[in-house]
Protein chains: 2
Amino acid sequence: MTNPKPGLKVALLGCGVVGSQVVRLLREQADDLAARIGAPLELAGVAVRRPGRKRDVDLDPALITTDAEALVTRDDVDIVVEVIGGIEPARSLILAAMAKGKSVVTANKALLAEDGATIHRAARENGVDLYFEASVAGAIPLLRPLRESLAGDRIRRVLGIVNGTTNYILDKMDSTGASFTEALEEAQALGYAEADPTADVEGFDAAAKAAILAGLAFHSRVTAADVHREGITEITASDVASAKAMGYVIKLLAICAKTEDGRSIGVRVHPAMIPRSHPLAGVREAYNAVFVEAESAGRLMFYGAGAGGAPTASAVLGDIVAVARNRLAGTVGPEELTYADLKVHPMGETITRYYVSLDVADKPGVLARVAEVFARHDVSIQTVRQEGRGDDAQLVLVTHQATDAALSATVQDLGRLDIVRAVASVMRVEGDDTP
Amino acid sequence: MTNPKPGLKVALLGCGVVGSQVVRLLREQADDLAARIGAPLELAGVAVRRPGRKRDVDLDPALITTDAEALVTRDDVDIVVEVIGGIEPARSLILAAMAKGKSVVTANKALLAEDGATIHRAARENGVDLYFEASVAGAIPLLRPLRESLAGDRIRRVLGIVNGTTNYILDKMDSTGASFTEALEEAQALGYAEADPTADVEGFDAAAKAAILAGLAFHSRVTAADVHREGITEITASDVASAKAMGYVIKLLAICAKTEDGRSIGVRVHPAMIPRSHPLAGVREAYNAVFVEAESAGRLMFYGAGAGGAPTASAVLGDIVAVARNRLAGTVGPEELTYADLKVHPMGETITRYYVSLDVADKPGVLARVAEVFARHDVSIQTVRQEGRGDDAQLVLVTHQATDAALSATVQDLGRLDIVRAVASVMRVEGDDTP
């Protein structure tokens, strides 16, 4: 470190749970960061909405400003770190920063999933970096491996547990037999779920992440609107128990998959049964994990904390180091690649398997009539099991692979049979090599 | 891709299991690679020892040479990919290439672990890249996340299953009750183990990888000679069964850990019992996984295929893309950082826990005398259980944390007690939060 290079200045937008941890790490790790970058980092300013608010970190009042726009366009700022979240004012501030030649590190999944095209284009046009590791699966180094380490490979499918709140709820339901409501209340009491849990339990958060993952994995533009989304609010304790009895566990999965012919991709978020032997099945509590199937690398999994101030800040700092190194070298990292330009196909064309549980009349010929409905839609049955007798009789079926449209039409027709008192439960089955 | 940049030329050293897959991917992925790099890659030549040998890939005979030195120093070559393995001639060829300004991608764990200092220095002095993702844990993107994504964090500990052969053997022993020899024979029959399995089963392969991981995780120079190494040849079916009964599974672990005071590191490879609830416990067959504990990111795990031609080639290609992009940008990636310069402490100073199984005389007072030996060395006992009666009596103890020296001295003294017929088994216990 003889003849040190001048420092790089970082402007921070937002100083909440993540931002305050970014400030802490910038301070505590200052020497390490300087050694890794080749120059020291300096906090140029922190833009907040409420300057008087109590924070988890002591900040020099001179660094605090409410004028975010002035901060991100200041001549001496090199890197802008955006941890406000949401579409606006985050987007305008990022674009203003880029127009002034600043590189940007963001954790903003909503913005990237809704309007990534605009900010990726601005980064390219202004010759600046846009890094966003913290936007998906918190601390887990995932986007950089997808973008860089697997750059010589072809990804076939990504299966992710990318929302910690829903994984916590489903894990509790699985381990204790609790209902969805009971598990949600426990998650709220422990701070794993918000008072209004909609974004998590209805799959909106996971859908934004699925869009980002699919774009990176398949070099195509994917937005949150392209993602088929179903939440976990209708999962019952009985669904969880049935899954368990069959050797499965229910997880909320973000699934991005290329079709066999490689011409289109499916991107979806929904609860699914996966075999307990699958590496994702062991992901407990609020942890996240992303399972990647690549042509040459085979099956990979990345596991870790998906949220929280310190884990997310760790990912932000990793990005800051990369961006800082790039600036010192006068270069930029890999830009968004959309050369493959694959279309997202409708959910109906997705190839999947269904678990179907029917409340049926317990009399001869029931199975024959149910099987006939499956056959009519060309859906082949893998296993069928009758549970209970008399008025409690249930028929539990698991299908082979078919299009979601065919499966969905089958279920609709099953509901019309007079011998079917109710379609008790329908769930997709994933992560199983059975065709 | 209007006005394409001129191509980058790649020289390949070695065309065996990995090399032939590198050639295949360079061909099959040519368009994708060009799009990701911004310029096409071209295979400049392939150096092999036996040009007439039958290979898994068709090669233009004009590309094949036995003069590796001439190939790596050729003026038109930009990137040298070394997949020969071993110390020489790999080291000399890499140094010759770097002296001529070529960037190097290597999968050579032995060389990096034995003499990484020399080739890292040559890379630095010649201003070229040295990338080596494939050297540890095959296809798993691991080194780049450690080097780059976690650059703003501090790693406390790395626990890795980094040898697929031994994981296959231990997994078979665990799932079928087979002996070590039976499981080894099966692994050999399936091609997971070599005819001479020494490098794998005695932990040499894992020790080389542990040295590389420790160096990256703790920014210090670590060589294979610094690594405490024990293999798995003495693990018995009964050890595996005992572990199972206690809710543990035996894995060969590579462990790199910083001491509490942050002043030194321990680097070791040995079989250990880990709780079945630990994410590493679910790593089956020949898969690899590396579990990382970082101060801010928390617990992370990277899982995937640790060996094999295509997976390793996938990692090599990811490195080629990075190196190629750096060359086009006129920069280099992060160089080796050894600024922390931590010393590797002797195994005796390692803090760990022991599982000890003793064949004892079944009479009153035995436990008191055994417990006294533990107390004499300040080793606290967590659990103790007697199994069997009479001549079959066994005492099974698990300790709290203590130094390896104290534990080892305890075991030595236990062996001297007249009431102890034999110390049947001793194994370290890891991955448990119990102090």
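Reader: How many salt bridges are counted between chain A and chain B?

Author: A salt bridge is a side-chain nitrogen of Lys or Arg within 4 Å of a carboxyl oxygen of Asp or Glu. In this predicted model, the count between chain A and chain B is two. A:Glu148 forms a salt bridge with B:Arg144, and their closest N and O atoms are 3.4 Å apart.

Reader: How many residues does the contact take from chain A and from chain B?

Author: Contact means heavy atoms within 4.5 Å. Chain A gives 48 residues and chain B gives 48 residues. Buried area is the accessible area (1.4 Å probe) that two parts lose on being put together, summed over both. Here the two chains bury about 4100 Å² between them, with 50% of it on carbon and sulfur atoms. A:Arg36, A:Ser296 and A:Tyr303 supply 15% of the area that chain A buries against chain B, more than any other three residues.

Reader: How is a pair of packed helices described?

Author: The angle between the axes and the distance between the axes describe two packed helices. Helices are DSSP runs (H or I, at least four residues), numbered from the N terminus. Axes are lines fitted to C-alpha atoms over the stretch in contact, and angles run from 0 to 180 degrees between N-to-C directions. In chain B, the axes of helix α1 (residues 17–28) and helix α12 (residues 309–329) come within 8 Å and cross at roughly 55°.

Reader: On what numbering and cut-offs does this rest?

Author: Residues are numbered from 1 along each chain as its sequence is written, and chains are lettered from A in the order in which they are written. Local features need pLDDT of at least 70, side-chain atom pairs count only at pLDDT 80 or more, and totals for chains, interfaces and linings use all residues, while side-chain values use heavy atoms, leaving out hydrogens and water.

Definitions and conventions:
Helices (H or I, at least four residues) and strands (E, at least two) are DSSP runs, numbered from the N terminus.
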